[in-house]
Amino acid sequence: MTWQTPPSLMRFCREILPLLYRQIDGKRLLETAASIVETDRWNSFDRFHDTTQTLIRHYEEAGATVEVTPLQTGGRIGSGRWIIHEAADVHAATVDIVHPVQERVLDYQNNPWHVIQWSAATPREGMKNEMVILDSQEELERIPPGGLAGKIVLTRMDPRPHLQRLADTETVGVITDRPVKGLPEATAWTKFGWGGVPLAHAALHLVGLVLSADEGERLRKMAQKHGKLTLHTKVDIRKYVGTHDVVSGIIRGAIDSQDELWVLAHSSEPGALDNASGVALCIEVARVLEGLIAEGLLRRPRRSIRLLHAYECYGFFKYLEDVKRLQTPLAGVVVDTVGSKPEVCDGRLEWHTTIPMSAGFVDRVGEKIIQEAIALDNPGYQLFVEPFMSTSDTLIGDPKYGFPAPWLTTHHRDKNVASDAYHSSGDTLKLVSADGLAACTVAMAGYLYFLANADSKDVVELATAETDWTLDQLKLSAVEANYIREGHGETIKRLKRWLWGGNRAEIMNHLDECEHQVREVAGNGKRALEDDVPSANRIPHRTAVLSPDWGNNTHADVKAKMEDAKLKPWALFWADGNRRIDEIADLLSSEYGKEVTVEQVITFFEAHAELHYAELIDPKDAISKSRLIADFKELGLELGMDVMVHSSLSEIGYVIGGADGVVDALLAVIGESGTLMMPSFNHRSVPIFNPMTTPTTNGAIPDAMWRRSNAVRSLHPTHAVAAIGPKAEEYCRDHLEAGIWAQDSPIGKLIHGGGYILTLGVTHESSTAYHVAEMSVPCGCIDSFGNADRVVMPDGRIQEVQGLAFRSETCPVSPRKLDETLNERQLQRHEKVGNADAALVKALNLWEVRREHLREICPTCTIKPRIIK
């Protein structure tokens, strides 16, 4: 199954990759990595903020834009969210033997790896305690509660799995000398938890310290020689409500800053390979791309590239959830532990595919670019394409809330190697290859730039290549047809977000044909419902970003359900709001290569429902298409009507098929002779309106509607409309020239052409048609051509156009009066559609009532349009 490289990608590899390669400096990369290690190695929040300043300096010197987003620690503890519980500054830590001999055992200032992350502090004067050696779980289990009161434990075990048992013994602290494979002089990086001490043990307070195996062995020998040892331990750690930073180095897109490619390269860890190497790679990408752009050798990419550095998982995931954007990033990559010397990684450069339910075309694009990059000057690597692996940063591939994100790494842990410095003080720059890091940088600069600059032609080529590759897969694995078809569908859906210029109808027809070809071979993929399993037909509906952090959860019963389900955390991402439990079981069986039962999936989603990460919808409680059709007809909607719909999906209730289900029902009622229109406004939430990709801010139903292949979208920078039906082209034509709400604007044509307005879960305050009436009075507070805006024209050019200048103050005549008057005169009908209050009115009647309300007001009104300077 060979993926046929699209011509545009072949040309890119031939022309652009060598240009990138010539600009990258391996020595500079190592120097950058060293500057990151200098502060991150202290594993202390105050020093992480110092790393922020280093990153700012590097990105500013590179010519990139820099943003720093501080995220507060604490918050929704117990919610399952990815939250760092508290900040912790480590100032000092020492351990000394004080009896029967005197000798220093460890000092944080000499080796920051000596302190277990989230360790408790000691009193200012320290504490003196007898040392007890316990090297096995069996020994620990034999200690009665309180049996180690006032003592400190030395152990070869990792203390994290034994926190509760250690606390039960009433020991004051633990020193681990757990071994690092093949490196007895190295200190293992040890943590009591990832975002903090796991919530189930959060009330436990233990001092935690680490020795190398050699240091531990020396301490053991002294204990054997002298009998009891008394240790004086002093640990100065300040824990507090603080912040941790997300640093973004941004290569600004030339014409579309709303869409971004993201790179996740975590900082805030002490290792050189893990992950100062990844951070250095990102800074070099910025240097090279911004440098070539400044020299005029490379065009600025259409879209922005955001290079992100933060605390692993906890920084990125909270940033994704907290910092609101118009839509999710397009795609990206996780860069973690790159540039290893070939002898360290066995010559393996690994490209782990994006999460299985994500858009997999990025895997093939990246593979081709990486192959070509290392062929330019191979540092001793061979590329291995590996299956998805959770780092857990790679969970960002969540198709609903995240974006497709493969993982580039030279992190190869071979059980047969003599030594492994991973997560230990042995992870130093001696393990990093300047040439290897340079090769990885060329590959990622190429991958990011190609995707950031892609246009409609690239989309068509990629969709064709993906379809041919998928059809070959189906020939070899017909039993997995549904799984393969779903993956192809996600790719086509995601590729539509790259459209830039060209004939939309022709492009959408091509993409539809690609999906049709795959469906013809794979079938519709619907599985027969398992009648013998109760609840198998329930539909999981996701309600929170990504998957839970199980360390931030105290619900033992929920954890027990997760263990019983035996499913991987990202199984949650198969829930798209339409798939039933049994259909998800089918897809998971294909993903795992073994049967996954419906009972497992039910247990899994019930656990997530208890943690408020999902709801389980019984189809009997959901609103079907047939019910919507009946409700619309009862309201008065008829065959052949032209109707403008303003809506709120949440007011209707849970609809089978979601927003698309509502659109389907509307189209079914008005039929092929009627035309459906909806607002497709962005309200100037984007600097450039791209009619092929810019989402609407009018809600889920209009956003689903305009994306349909048979939808026509008008060209207007802030207030486009979309229509489906025989009059769609006529209604949407010349919107830019006519003006936003003129008589011959799309809504104006509908009003004067006998059309209707339907409000669905909203009032007429949302009915834009009343602005057409205001313009006709005329009012002096709206200027259709008062401000300068920019749009993407059909040929892909950016053009400045004149757009809306809306009133600078609130209209003295509230549009709330519309409903009152229309109801008094019995000009509109009311019914329930689903759970929503709905109203249907002839558009001309609404227009006339609004004009009547304003006729005596507008001539003397002093409100003027707001002109943007």
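Colleague: Which helix gives the most to the lining of the second largest pocket?
Modeller: This is a predicted model. In it, the second largest pocket holds about 970 Å³ of space. Strand 13 (348-352) and helix 16 (556-565) are the elements that give two or more residues to its lining. With three residues, the element that gives the most is helix 16.

Colleague: Which residues lie nearest the centre of the second largest pocket?
Modeller: The lining is made up of 46 residues. By class they divide into 17 nonpolar, 17 polar and 12 charged. Nearest the centre of the pocket lie W194, C313, S390, T391 and S392.

Colleague: In what order do the seven strands of the open sheet stand, and which strands are at its edges?
Modeller: The pairing in this sheet is mixed, and the order of its seven strands is 3-2-8-4-5-6-7.

Colleague: What is the average twist from one strand to the next in the seven-stranded sheet?
Modeller: The sheet is open, with its strands in the order 3-2-8-4-5-6-7. From one strand to the next, the twist averages 30°.

Colleague: How many bridges join strand 2 to strand 8?
Modeller: Strand 2 (residues 87-99) and strand 8 (residues 230-240) run antiparallel. Among the paired positions, D89 has R238 as its bridge partner in strand 8, and A92 has D236. The number of bridges joining the two strands is 11.

Colleague: Which residue of strand 8 stands opposite M127?
Modeller: Strand 4 (residues 127-133) runs antiparallel to strand 8. Four bridges join the two strands. The residue of strand 8 opposite M127 is T233.

Colleague: What angle does the direction of helix 4 make with that of strand 2?
Modeller: Helix 4 (residues 45-62) packs on the sheet. There it touches strand 2 and strand 8. Its direction and that of strand 2 make an angle of about 130°.

Colleague: Are helix 14 and helix 17 roughly parallel or roughly perpendicular to each other?
Modeller: Two packed helices are described by the angle between their axes and the distance between the axes. The axes of helix 14 (residues 481-495) and helix 17 (residues 581-592) come within 9 Å and cross at roughly 95°. Angles of 65 to 115 degrees count as roughly perpendicular. The two helices are therefore roughly perpendicular.

Colleague: Which residues of helix 17 meet helix 14?
Modeller: The residues of this contact divide into two nonpolar, two polar and three charged. From helix 14 come N482, Y483 and E486. They meet, in helix 17, D586, L587, S590 and E591.

Conventions
Residues are numbered from 1 along each chain as its sequence is written. This is a predicted model: local features need pLDDT of at least 70, side-chain atom pairs count only at pLDDT 80 or more; totals for chains, interfaces and linings use all residues. Side-chain values use heavy atoms; hydrogens and water are left out. Two strands pair if DSSP finds at least two bridges between them. On a 1 Å grid over the protein atoms alone, a cavity is a set of points where a 1.4 Å probe fits but cannot get out, and a pocket is an open set with protein on both sides within 12 Å along at least five of seven lines; lining residues have an atom within 4 Å of a point. Grid points are joined across faces, edges and corners, and a volume is the space filled by probe spheres set on the points. Ala, Val, Leu, Ile, Met, Phe, Trp, Tyr, Cys and Pro count as nonpolar, Asp, Glu, Lys and Arg as charged, and the others, Gly among them, as polar. Axes are lines fitted to C-alpha atoms, for helices over the stretch in contact, and angles run from 0 to 180 degrees between N-to-C directions. Angles under 35 degrees count as roughly parallel, over 145 as roughly antiparallel, 65 to 115 as roughly perpendicular and the rest as oblique. Contact means heavy atoms within 4.5 Å.
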